[in-house]
Amino acid sequence: MAAAPPSPQPNSPSRESRSVVVVGAGPAGLTIGNILRAAGLDCLVLETETREFIERRPRAGVIEEWAVRGLQQRGLADTLLERAQRHTECEFRFDGQRHRFSYTELTGHHHFVYPQPLLVTDLVREYADVRGGEIRFGVRDVELHDLETDRPTVSYTDPESGQRRFVYGDFIAGCDGARGVSRAAIPAERARVARHDYGIGWLALLAEAPPSSDCVLFGVNPRGFAGHMARSPEVTRYYLECPPGDDPDNWPHDRVWAELQHRLAATGAPPLTEGPLIEKRVLDMHNYVVEPMVFGRLLLAGDAAHLTAPIAAKGMNLALHDAFLLGDALVAYATTGDSAGLDGYSEACLGRVWEYQEFSQWLSEVYHGASSGDPYRAGTTLARLRRVFRSPSAGLAFAESYLGKDRTDPGC
Ligand code: RFL
């Protein structure tokens, strides 16, 4: 944990207090802020980036139905429900063939596709402009202090005045993502961090090109995995498996499109519609889980507590799940003194977290076995994939995990 803060002068303008200080304005932090504001609690959200930056940062797109229902119950899904696409099928391409998988036919449930920047834009607007929530952008050098006392504190440097400011809270919600300071504020001996490195990289691409299919495509190919996901009628996300740590400059425009065309080729499939690449970055696939997600009065939520590589498109869904549970628990405690939600918070989140971790690992084998260079792994993972299409019960099990509907959690 960071050192205790120097005591500010009494009545100093740099010293304030709030019921809850939320560190980070991603989907987790903003959802918590909105839940707290709806209950009339005073909270402060601190964010290192600008509002314009977080409203444009491209990331997730796939949102699970229970997560949308959770947002809707909290008055946060009006625009999403108007604008999001509904997806009912995905298509695997392997052995040169197309294999459609209609998960809605099997389960009656679907996915929503709504780009994360649009969701963040909706959540910031609702929090700051509608519910009157306070948010400070561009804060610097955020530190957490006194987390095991009943006056936990966040300090930061104000970007305009350069002044060091201290905000005391009853609780601190650590929602500052994978690279934030909250997770690091927990002493190593007080939390177990379980890590998994897939040893695989994905070149994550955004193309200014219309989607080339009406559904998500997964290419399982001896040269590596490739994925296609619609983001909007004009923009498509693509992924290409690559060595971890690869340099995006090794992937010029022509090489990217040649590789995508090859790995997603199948009999009867039209060629992909190409376009300029507006994002190109290499993601090293690794996961972690922090247990417990609570240290004193600091409660972690979202990527700060657990990272899920985008293999199974689960990270933002888990961030929303944490946020629903934590927001509701903080409101219950502040309004009725009921601490059951806070006491059970970590355990309630981790059930879903571990199930999604397991599915992510299962799916990673399916995607990457064929290109592992190990013919035994290639054989077994292709057998796993064929079984999903051959066996109705295997198909149903896959559909439920893919949709995240194999759990029923209160409040979601
Ligand atoms: P975020 O979104 O990272 O937000 C954290 C916020 O905290 C700020 N911050 C700080 N603020 C104050 N003080 C500090 N010291 C701070 N340090 C950082 C950051 O600027 C940021 O604004 O975390 P959160 O809220 O937990 O949300 C997690 C999701 O963003 C993440 O899990 C998803 O994007 C993962 N993910 C996907 N998830 C899905 O559920 N479905 C998908 O389809 C999906 N696709 C993806 C993805 C992630 C991707 N990348 C880039 C890793 C696709 C990609 C390519």
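1. A polar side-chain atom of Asn317 lies 2.8 Å from an oxygen atom of the ligand. For reference, a polar contact is a pair of N or O atoms within 3.5 Å; within protein, one must be able to donate a hydrogen and the other to accept it, and residues adjacent in sequence count only if both atoms are side-chain atoms. Taken alone, the ligand exposes 1,000 Å², of which the protein buries 91% (Shrake-Rupley method, 1.4 Å probe; for residues, only the protein chains shown count as cover).

2. The model is predicted: local features need pLDDT of at least 70, side-chain atom pairs count only at pLDDT 80 or more, and totals for chains, interfaces and linings use all residues. Residues are numbered from 1 along each chain as its sequence is written, and side-chain values use heavy atoms, with hydrogens and water left out.

3. Two further ligand oxygen distances deserve mention. An N or O atom in the side chain of Glu47 is 2.6 Å from an oxygen atom of the ligand, while for a backbone N or O atom of Ala28 the distance to a ligand oxygen atom is 2.9 Å.

4. The ligand is surrounded by 36 residues (a heavy atom within 4 Å); Glu47, Arg57, Arg59, Gln116 and Met316 are the closest. Elements supplying at least two shell residues each include α1 (27-38), β15 (236-242), β16 (277-291) and α8 (315-336), and α8 gives the most, with four. Helices (H or I, at least four residues) and strands (E, at least two) are DSSP runs, numbered from the N terminus.

5. Strand β12 (192-207) pairs with β16 in the antiparallel sense over 13 bridges (pairing requires at least two DSSP bridges). Ala207 has Leu277 of β16 as its bridge partner.
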